[in-house]
Amino acid sequence: MESLIFYTGVIGNVISVLMFLSPVGTFWRIIKHRSTEDFESLPYVCTLLNSSLWTYYGIIKPGAYLVATVNGFGIVVEIIYISLFLVYAPVKKRNKTAILAGILDVGVLAAAILAARLALHGEVRIDAIGFMCAGLNIIMYGSPLAAMKTVVTTKSVEYMPFFLSFFFFLNGGIWTFYAILTRDYFLGVPNGAGFLLGIAQLVLYAIYKNAKPSINVSNRLEEGCEQESLISSLNYSN
């Protein structure tokens, strides 16, 4: 059983790393154009907070080091993404990014960790951090719903890339399986939701991949980009 848990966690780490790296194309475009254009930094700021909390959860929970390692990698990647926003964004958007990062990734994170360390102990501390991680993950896993609505409305999968949806499905599935093996409900609930959303996305892709778009979707790029940004996550965010 221990071997199965270990190898499942390793596979989950690999899939999560690929999802963390999925926005690389977006940031290469930002570097190339020396502009963040219409891309938003909020998904990356939220993912950094999410990864940070999961890393802390993996550190304080015995035997959850695989959760800590992949989210530790996510912290590094998200810091790079946010740094690029601070370099290439217009002044107004740069200031907004800095304020959001300061509030969420420094203030909220520090408050959560300090409260857990000073006021809570043992299993209660682990459960409290687990609840925060699961809650944030569920919120972030809801991000593809807007893109799925766009697919149904436009009858086009242009901004819901197949491989992104496929890895979303795999990521949710493998971490749900890992959660069942380890009896970790904080991992299981949000990733189970992600797994079901991944299935729904693949079903939509199969239905609309050859459909003729009902309207011009050229102005929907931002919705697709935000989905890519938030999913990269996610999971990670495991």
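Student: In which helix is Ser 16 found?
Tutor: This is a predicted model, in which local features need pLDDT of at least 70, side-chain atom pairs count only at pLDDT 80 or more, and totals for chains, interfaces and linings use all residues. Residues are numbered from 1 along each chain as its sequence is written, while side-chain values use heavy atoms, with hydrogens and water left out. Helices are DSSP runs (H or I, at least four residues; strands are E, at least two), numbered from the N terminus. By that numbering, Ser 16 is found in helix H1.

Student: Is Ser 16 buried or exposed?
Tutor: The classes rest on relative accessible area, with buried meaning under 20%, exposed over 50% and partly exposed in between (1.4 Å probe, protein chains only). Ser 16 has a relative accessible area of 0%, so the class is buried.

Student: Which residues does Thr 8 touch, leaving aside its neighbours within four places in sequence?
Tutor: Thr 8 also belongs to helix H1, which spans residues 2-20, and with a relative accessible area of 5% this threonine is buried. Counting as contact any heavy atoms within 4.5 Å, and leaving aside the neighbours within four places, the partners of Thr 8 are Ile 174, Phe 177, Tyr 178 and Leu 181.

Student: What share of the contacts with a separation of 6 or more comes from residues 24 or more positions apart?
Tutor: For context, the protein has 238 residues, of which 47% count as buried. Among contacts with a separation of 6 or more, the share from residues 24 or more positions apart is 84%.

Student: Which residue forms a salt bridge with Glu 37?
Tutor: A salt bridge is a side-chain nitrogen of Lys or Arg within 4 Å of a carboxyl oxygen of Asp or Glu, and by this rule the count comes to 2. The closest N and O atoms of the pair are 2.5 Å apart, and the partner is Arg 29.

Student: How many residues apart are Lys 61 and Asp 184?
Tutor: The side chains of Lys 61 and Asp 184 meet in a salt bridge with an N to O distance of 2.8 Å. The pair links distant parts of the chain, with Lys 61 in the loop between helix H3 (42-60) and helix H4 (65-88), Asp 184 in the loop between helix H8 (162-182) and helix H9 (185-208), and a separation of 123 residues.

Student: Why is H8 described as roughly antiparallel to H9, and at what angle do they pack?
Tutor: Axes are lines fitted to C-alpha atoms, for helices over the stretch in contact, and angles run from 0 to 180 degrees between N-to-C directions. Angles under 35 degrees count as roughly parallel, over 145 as roughly antiparallel, 65 to 115 as roughly perpendicular and the rest as oblique. The axes of H8 and H9 lie 7 Å apart, and H8 is roughly antiparallel to H9 because the packing angle is over 145 degrees, namely about 150°.

Student: How do the residues of the contact of H8 with H9 divide by class?
Tutor: The contact includes Phe 162, Phe 166 and Trp 175 of H8, and Leu 187, Gly 188 and Tyr 205 of H9. Ala, Val, Leu, Ile, Met, Phe, Trp, Tyr, Cys and Pro count as nonpolar, Asp, Glu, Lys and Arg as charged, and the others, Gly among them, as polar. On that scheme the contact of H8 with H9 has 13 nonpolar, 11 polar and no charged residues.

Student: What is the phi of Arg 183?
Tutor: Most residues other than glycine have a negative phi. Arg 183 lies in the loop between H8 and H9, and this arginine is exposed, with a relative accessible area of 69%. Although Arg 183 is not a glycine, its phi is positive, at about 55°.
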